[in-house]
Amino acid sequence: MIVISAKDLTKEYDGTNLVLDKVSFSINKGDRVGIIGINGAGKTTLLRMLTGQLPHEEGDFFVPADLKIGYLQQDAGFDSQKTVIEEVNAVFEHFPEMEAEMERLLADGASDHSSLERYEQIRERYEYMGGYQYQSEIKGILTSMAFDESTYNKKISTLSGGEKTRLALAILLLEKPDILFLDEPTNHLDIGTLKWLEQYLKSYRGTMVIVSHDRYFLNETVTRIFEIENRKLNIYEGNYSFYATERKNRREAELRRYEKQQKEVERQEEMIRRFKQRGTEKLAKRAASREKRLSAMELMDRPDSGHGKMKLNFQQNFQSGKDVLFAEDLSKAFGYGLNRVELFRGVELDVKRGERICIVGANGIGKTTLIRMLMGDLVSTTGRIKVGHNVQFGYYDQGQQLLNNANTVIEELQDAYHLYSEGELRNILGRFLFRGEDVFLNVGDLSGGERARLSLLKLMMSGANTLILDEPTNHLDIESKEIFEEALLDFPGTCIIVSHDRYFLNRIPTRIMELTETGLVNYLGKYDYYVEKKLQMIQSAKEYVRNLSSPKEVAPSSAEQRRLQKEKEAEERRLKRKKEGLESEIQRLEEEISEIETCLCDESIMTDHERLAELSESLNAKKAELDKNYEVWLELQG
């Protein structure tokens, strides 16, 4: 059964900017379609046309009126003073009404038989519609979208952009529409939530149309790919991996046909030239005949000529030493006393030249904080970091906060690389698809994809030998991601990368490190290996818990003894450093307390009541802090 059909759909903006040109397709009930294409290709435009939010200039499309449509937009669009739970409960507002009606009918039932009959009818309908399960369903989906019960009463207006996206997705899943239109649903989701969403969508019985740059997600959820390229639609009957292989084969075949046609054109033109050179009437007629056939030939465009590709390659100005970074017992905490929040502790890291290390971990665990500490932008709470010989960092920040929004594109490069001429910079910018007047656009007006390309360009020009990258594939379209990945694989230097892009994580890292509250866990492989090993560790932990009831005495192996000894020595070193840090802190506080007490004896201060009160308050606070430090220090003496 066809649920969506389109014929010759055409969309243009301002009467001149043609985005989609006579696009035709059909989608059957239960199909799972992924729409891909470069940024600006028209993917979101197509979704908005199919959901009735945008008009079209030509063609037509059909969606049955009796089907319920759900649309997740990139901008969740909430403008509400409701709380999270109020917004979600609105999906099921009919259930409380039915519950109230059943209570009323049940109360009347003792004297009115018809009320009991009506009650039973509503109860059966209530049960059929899921009335007895909807509360647990709400809780389950909200939990999966990282909303625990403590967030239920948060105002929508106080949520972050990512929280609003997750809430919009939760509401959409609870509504259970017949057709799901999802525009970049994986934005702002961590890996755990992504895996849950994939499993949920696999069991979803409706039809799905998904715009996404997440190649791993597309592999797991869709069975058809619609590629928008050069204003046209190409259809591939498979998931993303099938599409990638078929697209390569198709383009190679198209290139062969194009080259074959070009050779034939050259051959015909050469023969026409020779016939004309002979000057005989007979050969002139042959030349005219061949010219006529040649002019009637439908010439192919060269494949990939419709748009440019970003040209990216990372080169290092000089090689670093073999030892790039060493970190020991790193921790990071914010605040003091009851307000103190610790992100992580016990981080150990040893990075060698040429490694490509990808750091993963839950949202909010401190991945960005850690890599900024490694570069020296942030100070660690405890521990030490040693940077190796000749190490030059190049940093890509996921929010592109290092760009100056007041600059034009070319000014942004001129500020950083003033030895280049304007002509040289324009040539370089052209490699990153900033052409013509694009170089005079304000950085603040660029799209997310354009800002990402500009940041990558600055990183490429830096010549750094150690790249620190924070979510570098965010905002890049699929083609740009693949070009970027190839550039990283060819880079001779070292990479430390924070990413949740699982397709990227299956191509790039030489090892994956997971940041937890208690340190980094090392996995010597790519993403699928990491997932496999994590599952094994979980199973081993469960087995260990089961065996606790009947423990067996097993002598540890020599390797296990060495490991335990190393752990013991590392713990002793950590305790020693902690005691030394506390002793320094105690000495500092005692000196400051002595200075304040001296000030309090000053006659000029004794007559200044405001200053006296300020110093007294500071003295009490420092004495309280000193007492706490002494308590901890005494505990460490053990």
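Select Phe92 to begin: the side chain is buried, at 8% relative accessible area. Everything on this tour belongs to a predicted model.

**Stop 1: the Phe92 ring pair**

Phe92 and Tyr134 form a tilted aromatic pair, with ring centres 5.3 Å apart and 40 degrees between the planes. What does this pair tie together? Phe92 sits in the loop between α2 (84–89) and α3, while Tyr134 belongs to helix α5 (residues 134–144), so the pair joins parts 42 residues apart in sequence. Tyr134 is buried too, at 5% relative accessible area.

Across the whole structure, a search finds 17 aromatic pairs.

**Stop 2: α3 against α4**

Show helix α3 (residues 94–108) and helix α4 (residues 113–128). Their axes come within 9 Å and cross at roughly 155 degrees. Angles over 145 degrees count as roughly antiparallel, and α3 and α4 are therefore roughly antiparallel to each other. The crossing of α3 and α4 is left-handed.

Which residues of α3 and α4 make the contact? On α3, select Phe95, Met98, Glu99, Glu101, Met102, Leu105, Leu106 and Asp108. On α4, select Ser115, Leu116, Arg118, Tyr119, Ile122, Arg123, Arg125 and Tyr126. Colour them by type: the contact has nine nonpolar residues, six charged and one polar.

**Stop 3: two tyrosines in α9**

Jump to helix α9 (residues 240–278) and pick Tyr240 and Tyr243. Their ring centres are 5.4 Å apart and the planes stand at 50 degrees, so this pair is tilted. Tyr240 and Tyr243 are three residues apart, about one helical turn. An α-helix has 3.6 residues a turn, so residues three or four places apart point the same way.

**Stop 4**

Go to strand β12 (residues 356–360) and select Ile359. Ile359 is buried, with 1% relative accessible area. Leaving aside residues up to four places away in sequence, Ile359 touches Lys367, Leu370, Ile371, Ile496, Ile497, Val498, Ser499, Met513 and Leu515. Draw a distance from Ile359 to Ser499. The two are 140 residues apart in sequence, but 6.6 Å apart from C-alpha to C-alpha.

Next, show helix α11 (residues 367–375). This helix is mostly covered, with seven of its nine residues buried. The buried residues are Lys367, Thr369, Leu370, Ile371, Met373, Leu374 and Met375. Lys367, Leu370 and Ile371 are among the contacts of Ile359. Just past α11, stop at Gly376, where phi is positive, about 95 degrees.

**Stop 5**

Most residues other than glycine have a negative phi. Arg231 has a positive phi near 70 degrees. Look for Arg231 in the loop between β8 (224–229) and β9 (232–236). Arg231 is partly exposed, at 39% relative accessibility.

Finish at Asp329, where phi is also positive, near 55 degrees. Asp329 lies in strand β10 (residues 323–334). Asp329 counts as buried, at 9% relative accessibility.

Note on methods: Residues are numbered from 1 along each chain as its sequence is written. This is a predicted model: local features need pLDDT of at least 70, side-chain atom pairs count only at pLDDT 80 or more; totals for chains, interfaces and linings use all residues. Side-chain values use heavy atoms; hydrogens and water are left out. Axes are lines fitted to C-alpha atoms, for helices over the stretch in contact, and angles run from 0 to 180 degrees between N-to-C directions. Helices (H or I, at least four residues) and strands (E, at least two) are DSSP runs, numbered from the N terminus. Angles under 35 degrees count as roughly parallel, over 145 as roughly antiparallel, 65 to 115 as roughly perpendicular and the rest as oblique. A crossing is left-handed if the near helix is turned anticlockwise from the far one by less than a right angle, and right-handed if clockwise. Contact means heavy atoms within 4.5 Å. Ala, Val, Leu, Ile, Met, Phe, Trp, Tyr, Cys and Pro count as nonpolar, Asp, Glu, Lys and Arg as charged, and the others, Gly among them, as polar. Rings of Phe, Tyr and Trp (its six-membered ring) pair if their centres lie within 6.5 Å; planes under 30 degrees apart count as stacked, over 60 as edge-to-face and the rest as tilted. Buried means under 20% relative accessible area, exposed over 50%, partly exposed in between (1.4 Å probe, protein chains only).
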